[in-house]
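Reader: I am new to reading protein models, and I would like to learn how to look at one feature at a time. Could you take me through this one slowly?

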Amino acid sequence: MDTPTEPCCGEKPPSEIGRRDFLTRATAALAGIIAAALSATGLGYFISPAFQRRDEEWVDLGQIREFKPGAPTLVEFTQRRRDAWITSERRSSAWVVTSDGKSFTSFDPRCTHLGCPYRWDAQRAQFVCPCHTAVFGPDGKVISGPPPRPLDQYQTKVAENRLMILPKAEKKA
């Protein structure tokens, strides 16, 4: 005979929940919700830089009329770099060459042999690196010496009569 058993001695039926059990479960559920919310925001904070799009950071070098055709110009600039939450500034330079005042080539200021700074020799119309007697033409090609490749270049563009470069050297083969 299957008759439901009734609680004895003041016990509550299994379908009813006491006030103490309810408060315990409600407190645990609330603590779980708060922990999940804090964990999600904290995790989002730490991994968000991985999902941010990195913008190309073009640097303004000045008016294009400041660059004389046939005479390379050494231009100094400040490069700002953002890495996650840190923004750093670094002083750098570039050699700018133009033959017609409309198209521009910009070179990384370091020799491709060992990274020494080179200079423009106006009498010889060549870039000369004093470290190991490397010589480059105004187009950046190796004329003599030990460098394994031409001078590294920066991308250039003209916007509103201003010369802009993207200071990330492109190695030319």
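This is a predicted model: local features need pLDDT of at least 70, side-chain atom pairs count only at pLDDT 80 or more; totals for chains, interfaces and linings use all residues.

Reader: What is the phi of E160?

Author: The general idea comes before the case, and it is that most residues other than glycine have a negative phi. E160 has a phi near 55°, which is a positive value in a residue that is not glycine.

Reader: Where does T133 lie, given that T133 also has a positive phi?

Author: T133, which is not a glycine, has a positive phi of about 55°, and T133 lies in the loop between β6 (126–129) and β7 (134–136). T133 counts as exposed because its relative accessibility is 59%.

Reader: Which residue takes a positive phi in the hairpin of β3 and β4?

Author: In that hairpin, which has five residues between the strands, G101 takes a positive phi near 80°. The strands themselves, β3 and β4 (residues 104–107), pair in the antiparallel sense over four bridges, and V97 stands opposite T105 in β4.

Reader: With which other strand does β4 pair over two bridges?

Author: β4 pairs with strand β9 (residues 153–159), again in the antiparallel sense, and here S106 stands opposite Y154 in β9.

Reader: Now for links between side chains: how many disulfides does a search of the whole structure find?

Author: For this step you need a cut-off, which is that two cysteine sulfur atoms within 2.5 Å are taken as a disulfide. A search of the whole structure finds one disulfide, and it joins C116 to C131 with an S to S distance of 2.2 Å. The link of C116 and C131 is left-handed, with -115° about the S-S bond. This pair links distant parts of the chain, since C116 is in the loop between β4 and β5 (119–121), while C131 is in the loop between β6 and β7, 15 residues apart.

Reader: Are C116 and C131 buried, exposed or partly exposed?

Author: C116 has a relative accessible area of 14%, so C116 is buried, whereas C131 is partly exposed because its relative accessible area is 36%.

Reader: How many salt bridges does the structure hold?

Author: The idea to keep in mind is that a side-chain nitrogen of Lys or Arg must lie within 4 Å of a carboxyl oxygen of Asp or Glu. The structure holds four salt bridges. One of them is formed by R162 and D60, whose closest N and O atoms are 2.5 Å apart. This pair links distant parts of the chain, with R162 in strand β10 (residues 162–170) and D60 in strand β1 (residues 59–63), 102 residues apart. R162 is partly exposed because its relative accessible area is 28%, and D60 is partly exposed because its relative accessible area is 35%.

Reader: What does the salt bridge of E76 and R91 tie together?

Author: The closest N and O atoms of E76 and R91 are 3.2 Å apart. E76 lies in strand β2 (residues 73–83) and R91 in strand β3 (residues 86–98), so the pair ties together parts that are 15 residues apart in sequence. Both E76 and R91 are exposed.

Reader: With which side chain does that of R110 meet in a salt bridge?

Author: The side chain of R110 meets that of D108, at 2.7 Å from N to O. R110 counts as partly exposed, at 46% relative accessibility, whereas D108 is buried because its relative accessible area is 3%.

Reader: Last, which residues make the nonpolar surface patch?

Author: The patch, of about 700 Å², is made by L43, Y45, F46, I47, W85 and I86. Helix α1 (residues 19–51) gives the most to this patch, with four residues. L43 is found in helix α1, and L43 is exposed because its relative accessible area is 53%.

Technical notes: Residues are numbered from 1 along each chain as its sequence is written. Side-chain values use heavy atoms; hydrogens and water are left out. Patches are made of residues with over 30% relative accessible area and no salt bridge: like charges are joined within 9 Å, nonpolar side chains (Val, Leu, Ile, Met, Phe, Trp, Tyr) within 5 Å. Accessible areas come from the Shrake-Rupley method with a 1.4 Å probe; for residues, only the protein chains shown count as cover. Buried means under 20% relative accessible area, exposed over 50%, partly exposed in between (1.4 Å probe, protein chains only). Two strands pair if DSSP finds at least two bridges between them.
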